[in-house]
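Trainee: May I ask for a close look at a single helix, and at what surrounds it?

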Amino acid sequence: PRVSADRVVRVIVGHRPYRPSGFVVRREVDGPRTLIHNYGHGGGGITLAWGSSALAVREARGLPPGRAAVAGGGIMGLTTARLLQDAGWQVTIYTRDMLRHTTSNVGGGQWAPTSVFEEDAATPGFLAQFRAAARISHHAYQNLGPGYGVRFIENYYLGAEPLEAPWYLRELPELFTSVAELPAGSHPFPVPWVRRVVSMIVEPAIFLRRVRDDFLRAGGRFEIRDFASRDELLAVTEPVIFNCTGLGARALFDDTELEPAKGQLVFLPPDPVVDFITVGGGTGVSYMFPRSGEIVLGGSFQRG
């Protein structure tokens, strides 16, 4: 790959909504309003979107389908809205920013639920929720295919010595295929240890716009609104409200555990030789993802 500073075409930064104990999917009742939370997915927002949103929509069981508000126009808000429409709801997405300005639009897109929680902070109840969300989401993405920017791709994890398999690979092995440890001399990488895994990659620019278009074709609508408080959000006319505000939930719902985790992406022109993902091989967990129109370099996760 031709990777050098003089080939950089763009550098961007996004802030993931991270909670050490994991994301929130929960229902509460506030007077005449039913409020369902779906936020705090850290580095796994794209990966877990369909599954976490399915769990959130499930929280509305027992309620007759009618009008629903979704607060937040990123990937979690879009997937929640689409699943609500499929269940017979009439949906309005209230969002401060349209897609091109959301953190979801600058996600890496590898299908791997990374940086979602800390193992010593997660409860057994959350881990069960996490496994369910991952399995549902994986199945949903497989049903979409290249037209939604989804495809399978080889991943190569690189290191100076054997590394412990990540939690998701240990706990959800059925979601990954072609897992193998490659001995020195059997691969082209300048490191002594390589693990190969085949997983999916999701191109945000393609996926988000396809889901947005599906939402609009199904009768959904957007309203630009920046809620300054919980009371403002609860003042919308819809009786059922889904909170998919990501980092915004810290101020709106006083979730002091929620914190920003900054990620920086560097973009290079596409290179036909790069038809694989690499993770590691240098400092930290830096990665290289190929997309249809660019190569993405990233991997930083700066909490706070």
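Mentor: The buried residues of helix H5 are Pro 204, Phe 207, Leu 208, Val 211, Asp 214 and Phe 215; buried means under 20% relative accessible area, exposed over 50% and partly exposed in between, with a 1.4 Å probe and protein chains only. Helices (H or I, at least four residues) and strands (E, at least two) are DSSP runs, numbered from the N terminus. Seen down the axis of H5, its buried residues fall within an arc of 125°, so they line one face of the helix; the arc is that of the directions from the helix axis to the C-beta atoms. An α-helix has 3.6 residues a turn, so residues three or four places apart point the same way.

This is a predicted model, in which local features need pLDDT of at least 70, side-chain atom pairs count only at pLDDT 80 or more, and totals for chains, interfaces and linings use all residues. Residues are numbered from 1 along each chain as its sequence is written, and side-chain values use heavy atoms, with hydrogens and water left out.

Among the elements that cover the buried residues of H5 are helix H1 (45–58), helix H2 (75–86), E5, H3, strand E8 (193–202) and strand E9 (221–224), where contact means heavy atoms within 4.5 Å.

The length of H5 can also be checked. Its 14 residues (residues 204–217) should span 20 Å at 1.5 Å a residue, and its end C-alpha atoms are 20 Å apart, which agrees; the expected span is 1.5 Å times one less than the number of residues. Just after H5, Gly 219 takes a positive phi of about 95°.

Ser 115, in the loop between strand E5 (90–95) and helix H3 (124–142), has a positive phi of about 55° although it is not a glycine. Ser 115 is partly exposed, with a relative accessible area of 32%.
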